[in-house]
Amino acid sequence: MTDSSKTATLTIDGTSYDLPLLSPTAGPNVIDIRKLYAQAGVFTYDPGYTSTASCDSTITYIDGAKGELLHRGYPIDQLAEKSHYLEVCYLLLYDNLPTAAELEAFEATITRHTMIHEQMHNFFRGFRRDAHPMATMVGVVGAMSAFYHDSTDISDPRQREIASHRMIAKMPTIAAMAYKYSIGQPFVYPRNDLDYASNFLHMCFAVPAEQYEVDPILSRAMDRIFILHADHEQNASTSTVRLASSSGANPFACIAAGIACLWGPAHGGANQACLEMLKEIGSVDRIPEFIARAKDKDDPFRLMGFGHRVYKNFDPRAKVMKQSADEVLDLLGIENNPVLQVAKELEKQALDDPYFAEKKLFPNVDFYSGIILEAMGFPTSMFTPIFALSRTVGWISQWKEQLSDPAHKIGRPRQLYLGETAREYVDVEDR
Ligand code: CMC
């Protein structure tokens, strides 16, 4: 971040205040209002933070107009095509792509942290079988702070690093265990001879009674889904992690807060909601009815998997995801999948509709991810846990960045108060 030579001037009741303009390496300039209240005695008002930068960061850059997503400068489509998830994790955590030796060491570290404390199995058994796996994950990840005491001291960089490695390594195990518990099958322990994505598929789909071979094409598709969800700058769950962390909370509690936020249907829950919507539509001839509902201001229905706060032309992740959907369905020999047909036709009709064009609403990453995950055999309830495990590295990288900044402060937004002003208490018999 460099100080621009320009300033912005704010005039209130004839008094002018010069506010510094900060120049990012990419994207619009940012007006620095940190001293505004002290100087002018006013707050700014921005519910939903549509115009507010809450931090500075070097991790991820999105240009919503261009449909560009960069991690440490590398375009997401190049990472999805040429890299693999653990390399992207290294990139997000440590600023640069690893050398071969660094990558080998990182993969070895992550692989050797995949098991969870045996006593944690009791947590899973305490939940009802029909609990949503996200509910289980919020609880179990929060409970990690009760097990890994040697990595909760956030003032120690080494403890922070160990906590990071533990969460990246254990999140697939936790997500898979939540799934296995929900279907009444025994937990499957991680296998360190498998790569990250294959190990996750193995923990989800293997059973003790028979041999399970991970298909390399499915493993590659799984890995790609992990990459496409790895980080997305200051979205709702990441901002939640940063806000939780700003009070000095332990790392596992912060990530549990991120998982809770991600669960909502406007954020990570959209992939589940999208597939359920595609199934509810059911056939191509019912699409106009649902498009009409999405456009009706009196109907709360929205097209799930459509629209994005930042992307206003296309979501670059959706392009890769659509290609993966075709590949996976082809591999599995799923021809004429009715859900895929509805998805493709819905996309076409919505994009041709002036309502969606005017509001710049395009398919987002979640529009096709559910189709792939379902084809792989995951129930819809596992879609958001898979998003959560993929996004864990993004949350952790942003958390690490925040804590490494000596100037970081507790997050404490202001408000526009519209309630009663001070009034005298009235005794109950006099009301
Ligand atoms: N279907 C119909 N209308 C929509 C949709 C939609 N999916 N999304 C936005 N709009 C309309 C909205 O009604 C509003 O219209 P108006 O200006 O007339 O009031 C306008 O478009 C702007 O919408 P907004 O809600 O102000 O935009 P936002 O930036 O606050 O919301 C969003 C972004 C993603 C929450 C929203 O587009 C949405 O709810 N989409 C469906 C859920 C979804 O797919 N979420 C996944 C996001 S990508 C994964 C992730 O990063 O979490």
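A pocket here is an open set of points on a 1 Å grid over the protein atoms alone, with protein on both sides within 12 Å along at least five of seven lines, whereas a cavity is a set of points where a 1.4 Å probe fits but cannot get out, and lining residues have an atom within 4 Å of a point. Grid points are joined across faces, edges and corners, and a volume is the space filled by probe spheres set on the points.

The model is predicted, so local features need pLDDT of at least 70 and side-chain atom pairs count only at pLDDT 80 or more, while totals for chains, interfaces and linings use all residues. Residues are numbered from 1 along each chain as its sequence is written, and side-chain values use heavy atoms, with hydrogens and water left out.

**Exercise 1. Describe the second largest pocket and the helices that line it.**

Step 1. The volume of the second largest pocket is about 290 Å³. Its lining has 20 residues, of which Leu86, Leu194, Asp195, Tyr196 and Ala197 are the closest to the centre.

Step 2. Helices are DSSP runs (H or I, at least four residues), numbered from the N terminus. At least two lining residues come from each of H3, H4 (100-111), H7 (157-182), H8 (196-205) and H9 (216-228), and H4 gives the largest share, with 4 residues.

Step 3. Sorted by class, this lining holds 9 nonpolar, 6 polar and 5 charged residues; Ala, Val, Leu, Ile, Met, Phe, Trp, Tyr, Cys and Pro count as nonpolar, Asp, Glu, Lys and Arg as charged, and the others, Gly among them, as polar.

**Exercise 2. Determine how far helix H3 is enclosed by the rest of the structure.**

Step 1. A residue is buried under 20% relative accessible area, exposed over 50%, and partly exposed in between (1.4 Å probe, protein chains only).

Step 2. Helix H3 (residues 85-94) is largely enclosed by the rest of the structure, because 9 of its 10 residues are buried; among them are Tyr85, Leu86 and Glu87.

Step 3. Just after H3, Asp95 has a positive phi of about 80 degrees.

**Exercise 3. Find the cavities of 30 Å³ or more and describe their linings.**

Step 1. The search of the whole structure gives 2 such cavities of 30 Å³ or more. The largest has a volume of about 50 Å³, and its lining, which includes Met115, His121 and Thr173, has 7 nonpolar, 2 polar and no charged residues.

Step 2. The second largest cavity has a volume of about 40 Å³. Its lining includes His308, Asp315 and Lys360, and the classes there are 5 nonpolar, 3 polar and 2 charged residues.
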